[in-house]
Amino acid sequence: MFLSLTNRTPDATDLGHLLHKHPARCHEVDLAFGKGVVFYPKATAEECTAVLTVEVDPVGLVRSEGARNGGWALGQYVNDRPYAASSFLSVAISRAFGTALNGRCTKRPELVDRPMDLEVKLPVVQAPEGMLEKLFQPLGYQVASRRLPLEPAFPAWGESRYHELTLRATVPLHLLLKHLFVLIPALDRDKHYWVGREEIDKLLAKGEGWLSAHPEREWIVRRYLKYQKRLTREALERLAPEPDEEDEEVESTGTEPEVEKKISLHEIRLDLVAECIAACHPQSVIDLGCGEGKLVSRLLRQTKIPVIHGMDVSSRALEIADERLEKIPAARREGRVKLFTGSLIYRDSRLRGHDVAALVEVIEHLDPDRLESLEEVVFAAAAPGKVFVTTPNREYNVLFEGMKPGALRHGDHRFEWTRAEFREWASRVAADHGYTVGFEPLGEEHAEHGAPSQMAVFERV
Amino acid sequence: MTLRLPDLSLVLLIGPSGSGKSTFARKHFKPTEVVSSDVCRGMVSDDENDQTVTPRAFDLVYFILRQRLALGRFTVVDATNLNPEDRARLVAIAREFHVLPAALVFKIDESICHERNARRADRDFGPQVLKRQFGQLRRGVKHLKKEGFRHVAWFRSPEEVDAVEGIVREPLWNNRTGESGPFDIIGDVHGCYEELRTLIAQLGYTVADHVVAHPAGRRLVFVGDLVDRGPDSPNVLRLAMASVKAGSAICVPGNHDAKFLRWLNGKKVQPTHGLAETIAQLEADPLDRRDLAEFLDGLVSHYVFDGGKLVVAHAGLKEEMQGRGSGKVREFCLYGDTTGERDEYGLPERLDWARDYRGKALVVYGHTPFAEPRWLNHTVNIDTGCCFGGGLTALRYPELETVTVPALRTYSEPVRLLLSDTAADAQLEHDRLLDLDDLLGKRQIHTSLRPSVTVREENVLAAVEVMSRFAVDPRWLIYLPPTMSPCGTSAQEGWLERPEEAFDYFRQQGVNAVVCEEKHMGSRAVAVVCRDPAVAVTRFGLRQERRGVIYTRTGRPFFSDSATEAALLDRLAAALEKAGLWDELATDWLCLDAELMPWSVKARDLLQTQYAAVAAAGSAHAAAVGSVLECALQAGHLEAEARALLEPMLGRASSRSTMLERYRSAYRHYCWDVVGIDDLKLAPFHFVAGEGGSFLHRDHPWHMDMAARLQGADPVLFPATRWREVDLGNADSVAEAIAWWEEMTAAGGEGMVVKPREFIARGPRGIVQPAVKCRGREYLRIIYGPEYDAPENLVRLKQRGLGHKRSMAEREFVLGVEALDRFTARRPLREVHECVLAVLAMESEPVDPRL
């Protein structure tokens, strides 16, 4: 990793005082993940450049505690970590330039808050499109960036996600370092260490005076805290206290399409399905593909249905579902609910004997040629009295902001159907297995494109 | 005196305290065969005489009994057993497991019992207890036969007890496990005498005086229903009776035979379902009624042959009833599993017990006519409805071939049509959907190469998830290739892997004949290809015709675009045609294990996000570092000490640039743009299996020869694979192979795979690794990072353990071989899938992915 800092303020070598590093010398810093070196390729009164390079030990990285504890990004020998600016660089900045970062300079205290004409060069920074400008311009930087080519031999592979970045501004050095300290890890995708509550303190300390007013502060906080919702919310509250009504504490395995979140489609869908299920007063319900247990938890809280089972193929999702259900008072759930790992492409005696089965946004996660098995498992082998099946309405996709034409809402969706396609499938399944079927829109209907999601209600004849 | 008891019985010792039951049990039974209520009292309470824990103690007694009887173990209950209700519970347990209840009653003089109890310090219960017990004994044991005990023995004095010298365990009549055939098992004859004679003549039997004989000593086994419906029941009976008597035939009864017997015995029966014809035929062609009745009455419900591998019963038999004796067993054998309801034709509604059959024994049966012999889950129904104009079928055992002669005419109109079931194959129809109940939980998989492979429950669950979400249809998934271990770490400086260590490994395993095959660098691809797309339906049981499938080593579809897959498979099938391999290998489908190139076709995403990205980031970084270092060293402001530190840094930066460039050219070597199918290369290295069986028993030169023939047929799609045989005992041969590897890898090749010449080789400690890879120096940059061979990195990378990887490779190999053997033996799909799922489950074990 590499960072260069150039001061073009007259008496440019003052930079050495501020960084607490003599321009004629070479300074070594031991780091847990390698070695940092600070030196000055140029040190004149007009222009003084300090460089911080970090030689990351690539083998040590893979064999480190962090990598063994599941940090997949570190578990690879073929890894950009030695090269790309990341949280490693923030750590190196705080270790090599600690005093400057914290705004101390015992010999020349008057320099600390003096704005200087500074230029930063980072040769390899990953950044989403346009984000460099959005992050640094509001802080007063001139931003010059250039995308690095990915593979000259194969232009068809597109561009790389890395940029060469040059920033220039007249700011006090400590502030510039703080900006880098926070924004570099936010730009990078992976943090090399576990993010805990103490990270919030670090973030708020380094962000003091600028972060709360930054237009992208939510983005920054979320990325800095590795998308941990609880921590993010806490940090944002401390930055700018405001009431927050959402009670969503459980981490997500991410099966819910991002594009749908804006209209809370999943919540609407689940509410409606829960309502429909409750309205048929079943003795037992099974949620096939219950995921994180959102429907099961609604049914437990909102109905008196005596038996509510949830099945999902992902053990991880069920762990989260278990956590969610733990929050429901024991008296409301004990003896009523059971969650288990299973599959919709294998026959399973545990799926039998229910009045109602729900498949909420499940079928589109199966390859089309596997649906035949799902049909057999659900409609022939398990054969519940009623089956509620929901799936996205592809026609509606044009109305989602930022969705590319032809794209699907979620990376794991194997298909998305138009209303006509869904009807055709559902009607055929109903006829094959002795059910009648009716359809309902889910979510607000658009005159031309229909509702965002669609539901088929099967009833055994 | 010796006492005779059925080998499979639950024996109750009945008698008051002190009557000598336990002493008797100690003398005549194995300690483990005796379940004592006193011992169970002790187990639950530390006090064998604590009467207050009796209910708990008996719960334990019942639990142990159930476990033993489920396993079919002879078991003795040592308790007073004086209360009829207590005995009724034990009889019920015996019946639950279709085991015969037996009773040994100790009716010893009260004073003797009293005296014995008085002598024992731990029996301090009062005289009233014994008095009560004797009261029960007098009143309650009169009707033991009625209570269901077939065998009862009485001891009225200590002398009578002592007179028993031994107990003879008599095998049940159905137990003929010592007889392994060969047999010819004949389906429901129903009076079709002419067809029977034709069939047995075809099978090589002669008949003299109604007695059949076979020159090779084969015997007939009739699955019952000799009579009714057909034209000549008397002669069928004559032949069966005489041959059974002579020992050249064996017969189990059918429901028609049982009904006929009731008629013979003067019971009132409806002369329906063909009985009237039998009666009329007997009037015209009389047989001795007593002989007939004796013969039919003596027929045993079913037989277990050949060490438990073969069961014959008229209507089939569930696993838990095989070799057992009870009224229920007999009823099942005669009538099968019925609901008690009648179907639309007014016939008893039969449940298809074979669908749920999971036993190991092959059950051969009849009773329900089908158009063809119906194989399903290790059962075969050979009733092909001769009397209804179908045919009479024999199953040759152990050959498992069926022979059918057509009916000469239709003798009886079937109430319902012969059940044609599905497109001929009940097993394929049944296997359209697998049952999770058969697959979940901790698995012990028994294989031909290794007694058992254990798979952990959570790994099975993980595999089910992968299978459900990502894999191709299980019906195509007949094989997953094993992982491959690298060779041992090289002792030579500057090298991580070299051929010497691969050769050392095989030498240590006592394998001197090896092959070295060029390792193509692409993505692993398993192709199942059909000569005709209809084979997908007829052999693999899919609904729609399809040329085949190409999947990855974890069972996922190789191509997201089915048109490319289809085009590639068409080319493959055409090349196999041109090379004449379909006919030569006598198969209409093949499974091939291959490498599909270029790497970039499957790994494009990985290349973009990881491999090329690292090169892009690395070179930009190296350039930046290099330029500032040069700048610093040219400027005059640095102290000497600083310069001394920076100079080596510049050296490192430039060598890093070189390594990054070499890294980049390493992966570029395996990438090219794919515009059309001609840009793809498929290099098969194992012809895994075809209809005749798995080819994993053939040596590698054969496989390489097959690959070369394919290459000859379509050199554009199939690149040549360079390979050579190496004699590890010959220094020149080894040196040549090493030079060959060096040359190949220096030119950008991935490396080579060293395999024992024989596909499956055994060493001193079991199966030898089926293959060990030896990767080239440049290629390893893709695996261990661009800078892996810097001395400070290499020294650490050399510390790697191969044990787990090798053990995984061995287990996965064994499972793969087993999966193919099972598939080609047409075993139920769940048994194939069990192995495939297990390979996938192994892959969820944490092991260094770079090995």
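**Stop 1: all of chain B**

How spread out is chain B? Its radius of gyration is 37 Å, well over the 29 Å that the globule rule gives for 851 residues, so chain B is more spread out than a compact globule.

**Stop 2: colour chain B by domain**

Domain 1 covers 2–170 and domain 2 covers 175–430. Domain 3 takes two pieces, 449–477 and 800–851. Domain 4 is made of 490–520 plus 721–799, and domain 5 of 522–598 plus 680–719. Domain 6 is 600–668.

**Stop 3: a sheet in chain B**

Now select strands E13, E12, E9, E21 and E22 of chain B. In that order they make an open sheet of 5 strands, with mixed pairing. Which strands stand at the edges? They are E13 (249–251) and E22 (401–406), each with a single partner strand, so one side of each is left without a neighbour in the sheet. On average, neighbouring strands here are turned by 20° against each other, direction ignored.

Zoom in on E9 (183–186) and E21 (391–397) of chain B. They pair in the antiparallel sense over 4 bridges. Click B:Asp184, and look for its bridge partner in E21(B): B:Arg396.

Next, follow E21(B) into E22(B). These two run antiparallel as well, joined by 6 bridges. B:Gly391 stands opposite B:Pro406 in E22(B). The hairpin has 3 residues between the strands, and B:Leu400 takes a positive phi near 60° there.

**Stop 4**

H9 lies across strand E12 (219–222), E21 and E22 of chain B, and runs at about 140° to E22(B). H10 lies across E12 and E13 of chain B, at about 115° to E13(B).

**Stop 5: where domains 3 and 5 touch**

The contact takes 15 residues from domain 3 and 16 residues from domain 5. On the domain 3 side, helix H17 (457–470) and helix H28 (803–824) of chain B are the elements giving two or more residues. H28(B) has the largest share, 4 residues. Colour that side of domain 3 by class and you get 10 nonpolar, 1 polar and 4 charged residues.

**Stop 6: a second sheet**

Select E29, E28, E30, E31 and E32 of chain B. This is an open sheet of 5 strands in that order, with antiparallel pairing. E29 (548–551) and E32 (693–694) stand at its edges with a single partner strand each, so one side of each has no neighbour in the sheet. E31 (681–690) and E32 of chain B pair in the antiparallel sense over 2 bridges. There, B:Gly690 stands opposite B:Gly693 in E32(B).

**Stop 7: where chain B touches chain A**

Bring chain A into view. 51 residues of chain B are in contact with 56 residues of chain A. Which helix gives the largest share of the chain B side? H22(B) does, with 17 residues. Among the other elements supplying at least two residues are H17, helix H23 (640–668) and strand E23 (434–435) of chain B. By class, the chain B side has 31 nonpolar, 8 polar and 12 charged residues.

Strand E11 (346–347) of chain A and E23(B) run parallel, joined by 2 bridges. Pick A:Arg347 and you'll see it opposite B:Asp435 in E23(B).

**Stop 8: chain A on its own**

Colour by pLDDT last. Chain A averages 88, and 92% of the residues score at least 70. Now select residues 242–251 of chain A, where pLDDT stays under 50. Where pLDDT is low, the predicted coordinates should not be read in detail.

Key. Residues numbered from 1 in each chain as written. Chains lettered and ligands numbered in written order. Predicted model: local features only at pLDDT ≥ 70, side-chain atom pairs only at ≥ 80, totals over all residues. Domains from an automatic or database assignment. Contact = placed C-beta atoms within 7 Å. Nonpolar A, V, L, I, M, F, W, Y, C, P; charged D, E, K, R; others polar. Pairing = 2+ DSSP bridges. Axes fitted to C-alpha atoms, helices over the stretch in contact; angles between N-to-C directions. pLDDT = per-residue confidence, 0-100. Rg over C-alpha atoms; globule rule 2.2 N^0.38 Å.
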